[in-house]
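User: Hello! I am new to this structure and would like a short tour. Could you take my questions step by step?
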Amino acid sequence: MFPVNLFTCGLSGVWGITLLKDRIHNIIFLRSLKTRIFLILLIVGLIPCVSMRYAILRNYEQRAVSVRTSDITTQLRILANHLITYHYLQDTSYEVINAELDQLSNLYDGRVMVINNDLRVVKDTYGISENKTMISEEVVRCIKGESTNKYDKDNGYIEMTIPITETVRFEDGPQETVEKEVVRGVMLVSASTDSIRVTMDILSRKALLVEIIAIIVLFVLSTLAVQALIRPFEKITEALNKAQEGYTDDPISVTDCLETEHIGDAFNRVLGRMKLLDDSRQEFVSNVSHELKTPITSMKVLADSLISQRDVPIELYQEFMTDIAKEIEREDKIITDLLALVKMDRTAADLNIAEVDINVLVELIMKRLRPIAQKRDVELVYESVRPVTAAVDEVKMTLVISNLVENAVKYNKEHGWVKVTLDADHQFFTIEVADSGIGIPAESLDHIYERFYRVDKSRSREIGGTGLGLAITRSAVLMHRGSIRVESVEEEGTVFRVRIPLSYIPV
Ligand code: ADP
């Protein structure tokens, strides 16, 4: 039962803390970092201030009561001796003792009672209880020889008892005498502690004044500290707002503290990335416009020259129209490639994954490209090391392989060759497309996957390239969580290696 209760308690505790956190979070004023720091500084400063006042007052009170008690005890001891010397317990008429008792009573603004062994009050400085019997725990204990004292804070007095003792000699054996203290009565004193209380009130007022001054100073210091601590964050917000409004492209730098420096660095990195994306988008748009415009310009020139001539011979007419048709075909290819690229830019959720026999797929592509290869006198060789079945998007994988093989044929030499090799291990399959072509210069290797990048613009255009093929290929490979690598030596040939997981790995 106990552990269950403990568990429930723990749960309700956690729930309570969560609820409190939620409440605090909902109070807008407490959500400000400024307010939080201010409150923490104020509380941390106030705790020692308040506890010091409490400690000083308590200490003073204990000390004052203890001094007063020991003073009274000394006085009572002296008086008790006088009482015995003058046999006051038997005869209370001795004026000197009465005066001493009254003096003590006045001195401590209290009451002194002398009680004999029969618990009868022989003297009461208030004159109220004389000859009455006094039975109290303290008096009885004191008759047994034990002094007592008690501080009653609420009613403002100290009550003390001390025994009135007499030294008596007893004969112990024929020659020996022993001295013994025998209790003859008790002195009971109630002394007022009003004077201590008055001093404490004065002290408390003074301490309160010091405390108020300390709170004001603390308030001012906390406000200044908060301003100083928050200032760098305000600066960085200002800088971010400026950057957001577009007034400046300068990097943000608030070096007032490490945290703001880190925020600034992180923001500059995001800004840099956004700028890069923006630049590449702008470049892409201008490239697209330029690429789409080129065939249209050619068509216009061809059409204009036909229109401007009278009695155009049919052969020229046919030649120009064939050129126009070629340009239309080119425009169509660019648009088709652009659409393919846009599709690649979408999320991997657009992939249509299915188990595909990669050998069959490669063979089909080779069959389709063989006539083009033959036209250029390029030999197409296919080697399959093992049968491969993989979970891929068939359309996109077809684009990957055909783009690579097409390029290998396009950028080849006469009597050249293209070799496609398919292999796999237990995790990946690899397609290698090697050719004996013109190769890619080393400085271009890093750029070939960029949209519209061509090593030799005029040659690429001549052979019907759009500069989008490898960009599409790379996107499709990455969508399958694969990799693509290239090695090339100018005038010797190029090898592209694509590695794709056999099973599709979702994000
Ligand atoms: P394109 O449509 O112009 O072929 P790609 O994106 O497919 O565009 O290729 C980009 C550029 O990379 C090509 O213009 C070409 O210069 C170079 N390239 C691609 N594949 C090869 C290859 N197998 N051999 C030589 N150069 C190549």
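This is a predicted model: local features need pLDDT of at least 70, side-chain atom pairs count only at pLDDT 80 or more; totals for chains, interfaces and linings use all residues.
User: Is Asn-98 buried or exposed?
Analyst: Residues are numbered from 1 along each chain as its sequence is written, and side-chain values use heavy atoms, leaving out hydrogens and water. Buried means under 20% relative accessible area, exposed over 50%, and partly exposed in between (1.4 Å probe, protein chains only). With a relative accessible area of 9%, Asn-98 is therefore buried.

User: Which residues does Asn-98 touch, not counting those up to four places away in sequence?
Analyst: Asn-98 sits in helix 4, residues 95-107; helices (H or I, at least four residues) and strands (E, at least two) are DSSP runs numbered from the N terminus. Contact means heavy atoms within 4.5 Å. On that basis, Asn-98 touches Tyr-88, Thr-92, Ser-93 and Lys-123.

User: In what order do the five strands of the open sheet lie?
Analyst: Two strands pair if DSSP finds at least two bridges between them. The pairing in this sheet is mixed, and the order is 7-9-10-12-11.

User: Which strands are at the edges?
Analyst: An edge strand here pairs on one side only. That describes strand 7 (379-384) and strand 11 (483-489).

User: How many bridges join strand 10 and strand 12?
Analyst: Strand 10 covers residues 428-435 and strand 12 covers residues 493-501. Phe-428 stands opposite Pro-501 in strand 12. The two strands pair in the antiparallel sense, and the number of bridges is eight.
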